[in-house]
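Keep the structure open and follow along.

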Amino acid sequence: MIKNYGDRYHLIDKKALEDKKLDRDQLVQFVKESGISEIGKNYNIISIIGSQSTGKSTLLNQLFGTKFDVQNRQQSVGQTTVGVWISKDIQNNIVVLDVEGSDSVERKSGENMVENQTALMALAMSHCFIINVFLNALGQHTSCQLSIIKIIMQQNLKLFQQDTVKHIIFVVRDWDEDANYEEASRRLNGYLLNIWKEIPKPDQYRETDFNQLFRVQVVTLVYYKMKKEFAEQTNELHSKLTNNQDPNFIFSNFDYEKNVRWSDMPQYLSNIWEVISNNKDLNLPNEKILISNMRCQQIKLEALEGVKQLNEDLQNRVRSKYVDHFGQECQTIMNLAKKIYDKDARDYHIEVYKEKEKELKDELINKFFSFFQKQTEQLKQYYMEQLTDNLEKLKKESIYDLPDRLNELDLLKVEFEEQLGKSVIEVGLWHEEDHIRFFRQQFDNNTKSFVEAQLAAFKQQLDNIIKSECDKIVSSQVLNISQKFWLQIEIDYYTMFSDKYKKYETLLIGLRVQQKQVEDYLNKFEEDSFYNLKQVIAVASGRFKDQLFQQFKAQFVRAADGQPRNWQKLTEEEIFHFYSESRDKVLSLLEILRIRKVKFIKQQVAIKQKAKTQLITSGPKIQYQISSDTDSDDIVLNEVFYTQIKMQLSEDIDVQYQDAIQKHKQDFLQNIPKPFWFLLLFFMYDDVLRWMGNPLFLYPILIILCFIGFCIAIGLHSLPKLAFQWVFRTINQAVIPLIFGGISKLKGS
Ligand SMILES: Nc1nc2c(ncn2[C@@H]2O[C@H](COP(=O)(O)OP(=O)(O)OP(=O)(O)O)[C@@H](O)[C@H]2O)c(=O)[nH]1
Ligand SMILES: [Mg+2]
């Protein structure tokens with residue numbers, strides 16, 4: 001069934017009555033095709049009711065140029081308009097409803113409901129209600145169909161809030177000039193007032209004056225065939241209804257803001273009709289809110305759809321890397337969505353508009369929040385990577401440059417904060433401060449672990465340096481053991497260590513190690529260094545004996561001018577004197593070395609606040625003391641070791657002394673003058689040649705010469721020399737004393 005004729009539309013037809021709902025799609029199409037979709041809220045609706053076949057459609061067509069069907073007496077009789085038809089004034093924003101005539105003969109009994117429903121629908125929709133009556137029917141209560149007015153007025157009060165004044169215009173048709181207008185007007189107003197009095201009213205309208213809710217006018221029209229007059233009078237009425245310049249314009253104070261947007265009318269009417277036809281209670285303002293809700297919801301979705309692409313784009317970008325000015329981009333998308341929403345939703349019910357606008361904002365913010373989480377993740381990752389890369393590079397740099405480099409790296413934290421600040425659309429909304437705190441913590445922890453690792457490596461190097469320095473200090477003392485042995489070690493160690501200590505402390509503070517930890521580090525450093533010193537001393541103590549022996553030899557064997565002593569020229573007493581002098585000296589040195597414990601006393605470290613932020617110590621006052629306490633594990637030279645060294649040393653010294661005495665007594669051969677040896681050779685040479693002729697001499701000599709030649713050939717030059725030395729020593733020490741001993745004995749006897 002075609003319901004849409006382009007210029008008019010069958011709003012409530014048989015199907016709408018049966019189904020109790022409107023065909024909304026058809027209505028939407030009509031609204032589009034009839035060109036009334038663009039009128040927004042600036043419109044009025046006028047409807048007409050009255051008895052069947054009383055020229056209602058004829059009047060509407062005459063007034064508004066509409067094309068409602070009218071009865072053609074030649075062709076048909078009876079009901080023409082069924083249900084409700086809708087059309088529009090051809091020039092003005094007036095929507096016209098043509099309503100089925102009441103007291104329809106076609107409607108069977110019991111179908112009065114249909115009349116009431118259609119009339120109620122017309123009243124619910126209309127701002128102006130034309131009641132069409134014939135002059136000659138004015139006296140008959142039923143025939144002028146005021147009973148239906150009673151029903152719909154009653155329903156109207158009950159169901160609809162009276163938020164606008166409704167205009168009721170009685171149009172008295174076939175007016176006769178002789179008729180009394182005042183009388184007719186009084187009578188019609190009287191009817192309405194009676195109805196108003198009779199109908200049961202809800203509490204809030206009990207005391208309300210009828211005129212506060214309704215404006216009643218009575219307009220007369222001549223018989224329609226008196227065309228000229230009829231046209232004049234209908235024109236006058238038309239002007240009253242449509243021309244806002246007309247002094248009698250009925251909608252001059254009309255609040256158009258309360259209207260439903262015309263484009264939403266299909267939904268609005270469907271809702272109203274559903275309620276009316278189902279006989280449900282109908283609340284007009286709620287319906288308006290309902291329709292605002294629906295439309296604003298739809299517009300909100302359109303707005304979300306409008307920015308969908310931008311959202312996706314932002315989401316994709318933030319997935320691969322953090323986005324610069326993320327917050328600003330979110331704000332731009334938000335503004336665009338708001339603009340789209342505002343454009344269409346602005347005219348709807350203000351509270352609904354605001355509520356949906358807030359929903360739109362919240363939905364977008366929720367979406368942005370999920371992006372923001374990714375953005376934060378990306379920012380954290382990026383800046384952490386920057387930190388790791390930089391720390392990796394720092395590994396190659398000197399540790400003393402670290403404090404400055406770490407200060408530079410702090411800029412990364414600031415940058416992260418700035419970037420995160422630029423990633424929000426409202427300060428504090430997404431708790432960015434928590435992310436900043438967390439990031440700072442992570443950043444500081446990473447830096448701290450790095451610093452600790454660097455410090456551990458550095459400490460090892462430092463320990464090695466300390467060890468080698470201690471080695472130098474101790475060795476220099478061991479090479480020349482003196483009375484100042486321990487004192488000098490103390491002084492040298494203190495000087496060396498203080499310097500390292502200060503540097504280490506400055507470094508620790510520069511590396512932002514906490515004060516408590518700095519103390520721990522320094523204490524450990526002190527302990528380790530001292531341990532190293534003790535170790536070095538312990539190792540060096542192995543050289544004490546040899547060194548002391550060397551020192552003894554240096555004094556005993558050599559004279560003050562450094563020349564070796566000539567034992568032959570010295571008396572035994574003199575030799576003993578030198579011996580005991582050197583021996584006592586060396587043993588007294590050994591007594592000094594007997595010190596068993598090296599301990600240190602550290603004085604309280606004074607702390608001064610020097611710079612604005614940095615705490616710098618005024619320098620440690622450490623005192624090292626080497627004492628002879630025995631109640632300690634830190635023993636350098638224990639009792640057993642000391643005794644052992646002393647014994648060995650004494651033994652070696654005594655051997656040296658014996659040696660000297662022997663040399664003093666036995667170096668007789670060396671005292672024979674060299675010319676004497678030549679003289680002897682001169683007189684003996686012929687005997688030697690003779691002995692050479694004897695194989696008993698020649699062959700041993702040849703064997704010895706061959707042995708020497710062989711040793712030289714295989715590179716063992718020193719072997720023959722050693723062999724000769726041994727032979728001569730044996731002869732010197734055993735044979736010659738035997739001979740000369742015997743001679744002297746003989747002399748003595
Ligand atoms: N006497 C009289 N007849 C009229 C007047 N206007 C129209 N008619 C006639 O009344 C008949 C019904 O006209 P419609 O305009 O169809 O009347 P209606 O009230 O719309 O009829 P339904 O739609 O069937 O309720 C037609 O034959 C018209 O010629 C009028 O002013 N006076
Ligand atoms: Mg009609």
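Helices here are DSSP runs of H or I with at least four residues, strands are runs of E with at least two, and both are numbered from the N terminus. This is a predicted model, where local features need pLDDT of at least 70, side-chain atom pairs count only at pLDDT 80 or more, and totals for chains, interfaces and linings use all residues. Residues are numbered from 1 along each chain as its sequence is written, while chains are lettered from A and ligands numbered from 1 in the order in which they are written.

Start with helix H3 (residues 56–64), which gives the most to the shell around ligand 1, with three residues. In total, 18 residues surround ligand 1 (C-beta atom, placed from the backbone, within 6 Å), and Gly 55, Ser 57, Thr 81, Gly 101 and Tyr 224 are the closest.

Now look at two serines that an unreviewed UniProt entry lists under "binding site", Ser 51 and Ser 57 being among its residues; such annotations may be inferred rather than shown by experiment, and positions follow the numbering used here, with feature names shortened. Ser 51 sits in the loop between strand S2 (44–50) and H3, whereas Ser 57 is in helix H3. Are they buried or exposed? Ser 51 counts as partly exposed because it has 19 C-beta neighbours inside 10 Å, and Ser 57 is buried, with 23 other C-beta atoms within 10 Å. The cut-offs are 20 or more for buried, 12 or fewer for exposed, and partly exposed in between, with C-beta atoms placed from the backbone.
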